[in-house]
Amino acid sequence: MATPIKTTPRTPTGAPVPLTGSGTGGVGEDAQRPDGTAKVRGEFAYGSDLWTDDMLWGATLRSPHPYARIRHVGIGEALATPGVRAVLTHHDVPGEKLYGLELADQPVLAIDVVRYQGEPVALVAADHPEIARQAAKKIRVDYQVWEPVTDARAALGDPTWNQVHDKPAETTELSREAANLHPNGNLVRHFTLRRGDPAAAAADDLVVVTGDYEVGMQDQAFLGPESGLAVPAEDGGVDLYVATQWLHVDQKQICAALDLPPELVRLTLAGVGGAFGGREDLSMHVHACLLALHTGRPVKMVYNREESFFGHVHRHPAHLHYEHGASRDGTLVYVTASMWFDGGAYASSTPAVVGNGGTMGVGPYVVPNVTIDAYGAYTNNPPCGAMRGFGSVQVAFAHEAQMDSLAAELGMDPVDLRCHNAMEQGSANITGQLIDSPAPVAELLRRLQAMPLPAAPGEGPRDLRDLPGGVSNTTHGEGVVRGVGYAVAYKNVGFSEGYDDYSTARVRLAVIGGVPTATVHTAAAEVGQGLITVEQQIVRTELGIDRVVVHPQDTEVGSAGSTSASRQTYVTGGAVKAASEAVRGRVLALARQRVGHAGLADLRLAGGAVVSGSHGVLISLVDALGDEVVEETVEWRHRPTRAVDPETGQGFAHVQYAFAAHRAVVDVDTELGLVKVVELACTQDVGKAINMQAVLGQIQGGTAQGLGLAVMEEILITGGRIRNPSFTDYLIPTILDMPPMRIEVLEYADPHAPYGLRGVGEPPTISSGPAVVAAIRAATGLPLARVPVRPEHITGT
């Protein structure tokens with residue numbers, strides 16, 4: 001029996017609507033995005049556009065201190081402000097007061113301690129946003145300020161680090177009292193990997209290189225701020241329209257905080273203006289619902305840009321120590337590495353980030369002997385969690401720098417060294433997992449190497465736009481040197497280490513207005529990556545029709561998991577494919593009944609008809625369906641992964657790997673430390689390009705984020721305080737910074753994945769940054785062990 005599509009009687013303006021696309025764009029074709037025209041015309045409704053006539057506005061009071069005890073919160077003056085309808089603190093949270101993606105360690109509203117600057121302390125609902133903001137300023141909080149813990153290694157009590165860096169342990173009276181930021185201490189996770197012979201490092205005649213590296217805190221820098229609208233319902237529940245990445249995990253955490261069952265907490269995905277991992281955790285979700293249920297009126301919350309920097313997680317900053325040993329012919333013999341990931345005040349996805357960094361800590365190379373210790377620590381810095389690349393970005397910067405150092409020590413070409421040690425299908429990686437699908441690491445590098453380089457600067461005047469510093473006229477070519485660098489990396493696809501990774505899809509086929517029409521319904525968040533286009537392409541391919549409607553994503557259908565880990569085309573795509581196949585099976589059975597060919601086995605759907613290989617067109621879908629509605633809901637899983645051995649880190653940790661390589665060409669003004677990225681080239685294996693235009697867009701966008709981390713993007717933290725919470729001071733690449741790209745896409749099918757596809761979005765972010773820094777090193781001869789590379793790192797001043 002078909003499931004009725006639920007409509008909310010109090011649907012706000014700007015709520016998502018079904019999206020229809022008609023055309024011939026099936027799998028492997030460049031189908032048009034159903035939301036594309038509205039977006040380029042400025043007609044698409046994002047979360048910040050939601051509106052109801054009777055709504056209130058919510059605002060958040062945040063801690064100005066990175067670390068402090070709350071002695072008292074006074075709300076009287078704020079509550080007495082005309083136009084204020086509610087002021088809430090942790091006392092008003094009816095259910096669980098702590099939440100979290102993996103560990104429930106973060107307060108919905110601060111209870112007795114604040115652990116980072118910007119932690120939510122109280123909420124205000126008012127008739128106007130400015131009234132709410134001004135009332136929040138009237139809330140009086142008495143803090144006992146403590147000395148913050150701001151370094152991951154110091155937080156874990158690493159005495160060797162303190163000695164080496166001549167830093168005293170943080171042992172003031174107050175910090176001794178509060179040395180452990182959480183009841184179980186400051187360690188979030190320690191991942192241990194041991195493979196091969198631990199004595200391999202003692203072998204004679206090895207070439208050994210060591211390095212210490214640092215990666216700064218990067219922001220996702222999505223354009224659409226955190227936003228949502230909570231609407232109280234007559235049944236005592238709440239409908240939340242919110243820009244997010246993971247509807248069902250949001251729902252689970254909100255239900256716990258509100259002490260309500262899932263059927264009374266209904267989430268619908270609002271228009272999302274980018275995510276990149278930064279919307280995987282809760283922001284204003286519970287807060288808006290609390291205010292709506294308390295006041296009995298819809299409540300809208302929208303962060304401004306500065307608040308957004310405090311309202312979502314960031315990429316983990318990291319310190320990494322590596323040692324590589326190789327034989328004289330360049331064969332890697334051993335790698336040892338220690339990694340410290342700063343998780344900030346709360347865990348978020350730090351356990352998984354640490355696991356990713358550890359399991360892929362040496363890159364896509366065959367290394368028989370590996371020792372890795374990866375740590376995630378609590379500090380009083382802003383919370384860190386998911387961001388595109390998820391642990392692999394940090395380690396790739398280190399292991400690719402190490403490969404360049406090793407090549408220099410051996411007198412080898414850096415590409416030759418990488419190819420000599422490259423994993424391939426049939427190789428075992430450092431967790432002992434057999435790579436059982438194509439792994440064209442060497443081919444990706446050789447294809448890059450074969451691409452023509454951009455022309456070298458000629459004699460005579462040069463266009464200022466082509467020089468470091470651009471039209472600011474800082475140089476006419478004097479002091480400018482060119483460098484070329486390479487990097488290759490790989491990234492797991494999907495959730496790992498035994499997580500039950502699945503997605504749910506509902507596909508309905510009926511005749512509407514005389515046209516066979518499919519409706520696909522999932523909870524998979526469309527965050528700009530083009531998943532809804534992919535869903536339509538899959539349904540068109542499997543059902544042989546043109547008109548496919550995408551139902552708004554909500555919690556009325558089963559979970560689709562998070563839009564992260566490059567997993568949605570694989571997992572939700574797999575679910576949509578399976579549901580479509582189930583619908584097709586029922587339609588073909590119905591067609592056999594209609595035409596009286598019960599024994600025909602060679603039937604398929606194509607061109608809006610039921611077609612037999614031996615008899616041609618048997619019946620149109622319109623006639624085959626009649627008034628019937630055929631609907632199937634499928635919960636689809638990829639093959640299971642396994643938790644790794646806690647002592648050795650060995651096991652089938654990841655279901656799939658994706659590979660990408662980059663070559664960067666840069667010009668560096670060695671006198672001013674300015675860098676111009678002249679060209680970026682990328683080769684990437686995508687298994688099967690479901691939509692090539694979308695694939696190229698992902699490669700270009702991912703590359704831009706890697707470039708940003710390499711030379712400009714960093715949240716600057718001093719004493720636990722963010723110094724640059726704005727797009728004026730937090731710099732991201734513009735169209736003038738992003739160079740032309742050469743891209744070659746390989747399609748070596750993964751036999752275990754739907755259509756043979758691989759996740760696409762993350763690998764280009766991982767290898768692009770190391771390639772840019774390698775090129776700067778090649779130009780300057782400097783070691784450059786920290787990213788982003790700043791002018792003073794080049795000039796030494």
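**Close-up 1. The residues of strand E13 and the directions in which they point.** From strand E13 (residues 238-242), Val238, Leu240 and Val242 point one way and Asp239 and Tyr241 the other way, and all are buried. Buried means under 20% relative accessible area, exposed over 50%, and partly exposed in between, with a 1.4 Å probe and protein chains only. Because five of the five residues of E13 are buried, the strand is largely enclosed by the rest of the structure. Helices (H or I, at least four residues) and strands (E, at least two) are DSSP runs, numbered from the N terminus. The model is predicted: local features need pLDDT of at least 70 and side-chain atom pairs count only at pLDDT 80 or more, while totals for chains, interfaces and linings use all residues. Residues are numbered from 1 along each chain as its sequence is written, and side-chain values use heavy atoms, with hydrogens and water left out.

**Close-up 2. The strands paired with E13.** Two strands pair if DSSP finds at least two bridges between them. Strand E12 (residues 227-232) runs antiparallel to E13 and is joined to it by five bridges; Ala230 has Leu240 as its bridge partner in E13. E12 and E13 form a hairpin with five residues between them, and Gly236 in the turn has a positive phi of about 90 degrees. With strand E14 (residues 265-269), E13 pairs in the parallel sense over five bridges. There, the bridge partner of Leu240 is Leu267.

**Close-up 3. An open sheet of four strands.** The strand order is E19-E27-E28-E31, with mixed pairing. Strand E19 (480-493) and strand E31 (741-746) each have a single partner strand, so one side of each edge strand is left without a neighbour in the sheet. Neighbouring strands are turned by 15 degrees against each other on average, direction ignored. E19 and strand E27 (residues 656-669) run antiparallel and are joined by 14 bridges; in E27, Asp667 is the bridge partner of Arg482. Helix H17 (residues 692-711) packs on the sheet and touches E27, strand E28 (674-685) and E31, its direction making about 125 degrees with that of E31. Axes are lines fitted to C-alpha atoms, for helices over the stretch in contact, and angles run from 0 to 180 degrees between N-to-C directions.

**Close-up 4. The packing of helices H12 and H13.** Helix H12 (residues 414-421) and H13 pack at an angle of about 160 degrees, with their axes 9 Å apart. H12 is therefore roughly antiparallel to H13, a term for angles over 145 degrees. Val415, Asp416, Arg418 and Cys419 in H12 meet Ala442, Leu445, Arg446 and Gln449 in H13; contact means heavy atoms within 4.5 Å.

Close-up 5. Pro461 is placed in the loop between helix H13 (441-450) and E19. Its relative accessibility is 85%, so Pro461 counts as exposed. Pro461 and Gly477 are 16 residues apart in sequence, and their C-alpha atoms are 8.2 Å apart in space.

**Close-up 6. The surroundings of Thr572.** Thr572 lies in helix H15 (residues 568-595). Its relative accessibility is 0%, so Thr572 counts as buried. Leaving aside neighbours within four places in sequence, Thr572 is in contact with Ser503, Thr522, Ala524, Glu535, Ala560 and Arg567.

How values were computed:
Angles under 35 degrees count as roughly parallel, over 145 as roughly antiparallel, 65 to 115 as roughly perpendicular and the rest as oblique.
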